[in-house]
Amino acid sequence: ITEMEWEPQRVSGGHTFQSLALSYPTTCGLTTDGEIFCWGDVSGVTVLVPQMIDPGAGVDDMPFSAIVPGFCTLGASGQAYCWGENQYGQAGIGAASSWVEAPTAVASPGDFSQMGEKHAHTCGIGVDGFAYCWGFNNSGELGDGTENDSPVPVKVLRQ
C-alpha cells in the first residue's frame, strides 16, 4: 500500500458480499454464494486482495449462511465452524491453540441459530433456544458461574 485512500474503494475480486466480519487486523466476507473470503493479516501473512478460505475436509454443509467476527460461520445445517485466533479456546473446537487455519466444527452442541464474538470469547444461541459461550472467561464472560476459560460451548446458567 503506497498511500491512504480517502474515498471508499470497491474490494478487489468482483465478489458480491452479503455480510462482513471485522476483527483487527483481518476482514472476512460471506459472499452471496456462501463462500468466505478474507484479507488483511490472514494467518500471519499480509493478504492485499480477498482470498477464499478453504473450508477444509471436515466441512460438508456448504453454503455458509452467516459470519461473525472472530471468525465463525454457520453451515447450511446450523453447525457452527470457527477458525483464527484460539489462545483461550474461542474457536470452540475442544482445545486451545494459537491459531486454527480452516473453519473447524464447534464442539457439541455445535448447532446454532445465531452467534457473536467479542474479545476472545464467543457465544451463540443454540437451536434448542439456550445460550452457550466458550473461550476467555477471566471476568465471568461465559456465564457459567466460573472464571475458567472453556474450549467448548458451556450453557449459560439460569435460563
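Buried means under 20% relative accessible area, exposed means over 50%, and partly exposed is in between. Keep those cut-offs at hand for this tour of a predicted model.

**Stop 1: Tyr88 and Phe136**

Select Tyr88. Its relative accessibility is 27%, so Tyr88 counts as partly exposed. Phe136 is buried, at 16% relative accessible area.

**Stop 2**

Four of them form an open sheet in the order 1-2-3-4, with antiparallel pairing. Which strands stand at the edges? Strand 1 and strand 4 (45–52) do. Each has a single partner strand, so one side of each is left without a neighbour in the sheet. From one strand to the next, the twist averages 10 degrees. Strands of a sheet pair through backbone hydrogen bonds, either parallel or antiparallel.

Zoom in on strand 3 and strand 4. They run antiparallel, and five bridges join them. Pick Cys38 here, and look across to Gln51 in strand 4, which stands opposite.

Next, select Thr27 in strand 2 (residues 26–31). Is Thr27 buried or exposed? Thr27 counts as buried, at 18% relative accessibility. Setting aside neighbours within four places in sequence, Thr27 is in contact with Ala21, Leu22, Phe37, Cys38 and Trp39.

**Stop 3: aromatic pairs**

Show the rings. How many aromatic pairs does the structure hold? There are six aromatic pairs. One is formed by Phe17 and Trp39. This pair is tilted, with 5.7 Å from centre to centre and 55 degrees between the planes. Phe17 lies in strand 1 (residues 17–23) and Trp39 in strand 3 (residues 36–42), so the pair ties together parts that are 22 residues apart in sequence. Phe17 is partly exposed, at 23% relative accessibility. Trp39 is buried, at 15% relative accessible area.

Go back to Tyr88 and Phe136. Their ring centres are 4.6 Å apart and their planes stand at 65 degrees, so this pair is edge-to-face. Where do the two residues lie? Tyr88 is in the loop between strand 7 and strand 8, and Phe136 is in the loop between strand 11 (131–135) and strand 12 (150–155). The pair therefore ties together parts that are 48 residues apart in sequence.

Now select Phe112, Tyr132 and Trp134. Ring pairs link these residues into a cluster. Then find Phe130. Lys155 lies over the face of that ring, at 3.7 Å from the ring centre.

**Stop 4: the nonpolar core**

The largest nonpolar core has 28 residues. Those with the most contacts inside this core are Cys28, Ile36, Cys38, Ile67, Trp83, Phe112 and Met115. Several strands each supply at least two residues, including strand 2, strand 5 (66–68), strand 6 (72–74) and strand 9 (112–118). Which strand gives the most to this core? Strand 3 does, with five residues.

Select Phe112 again. Leaving out residues up to four places away in sequence, Phe112 touches Leu74, Gly78, Ala80, Val106 and Pro153, among others. Its cluster partners Tyr132 and Trp134 are also among the residues Phe112 touches.

**Stop 5: Ser97**

End at Ser97, in the loop between strand 7 (80–85) and strand 8 (99–105). Ser97 is partly exposed, with a relative accessible area of 31%. Beyond residues up to four places away in sequence, Ser97 touches Asn86 and Gln87. Ser97 and Pro151 are 54 residues apart in sequence and 9.5 Å apart in space, C-alpha to C-alpha.

Methods:
Residues are numbered from 1 along each chain as its sequence is written. This is a predicted model: local features need pLDDT of at least 70, side-chain atom pairs count only at pLDDT 80 or more; totals for chains, interfaces and linings use all residues. Side-chain values use heavy atoms; hydrogens and water are left out. Helices (H or I, at least four residues) and strands (E, at least two) are DSSP runs, numbered from the N terminus. Buried means under 20% relative accessible area, exposed over 50%, partly exposed in between (1.4 Å probe, protein chains only). Contact means heavy atoms within 4.5 Å. Rings of Phe, Tyr and Trp (its six-membered ring) pair if their centres lie within 6.5 Å; planes under 30 degrees apart count as stacked, over 60 as edge-to-face and the rest as tilted. A charge sits over a ring if NZ of Lys or CZ of Arg is within 6 Å of the ring centre and within 35 degrees of the ring normal. Two strands pair if DSSP finds at least two bridges between them. Axes are lines fitted to C-alpha atoms, for helices over the stretch in contact, and angles run from 0 to 180 degrees between N-to-C directions. A nonpolar core is a set of buried Ala, Val, Leu, Ile, Met, Phe, Trp, Tyr and Cys residues joined through side-chain atoms within 4.5 Å.
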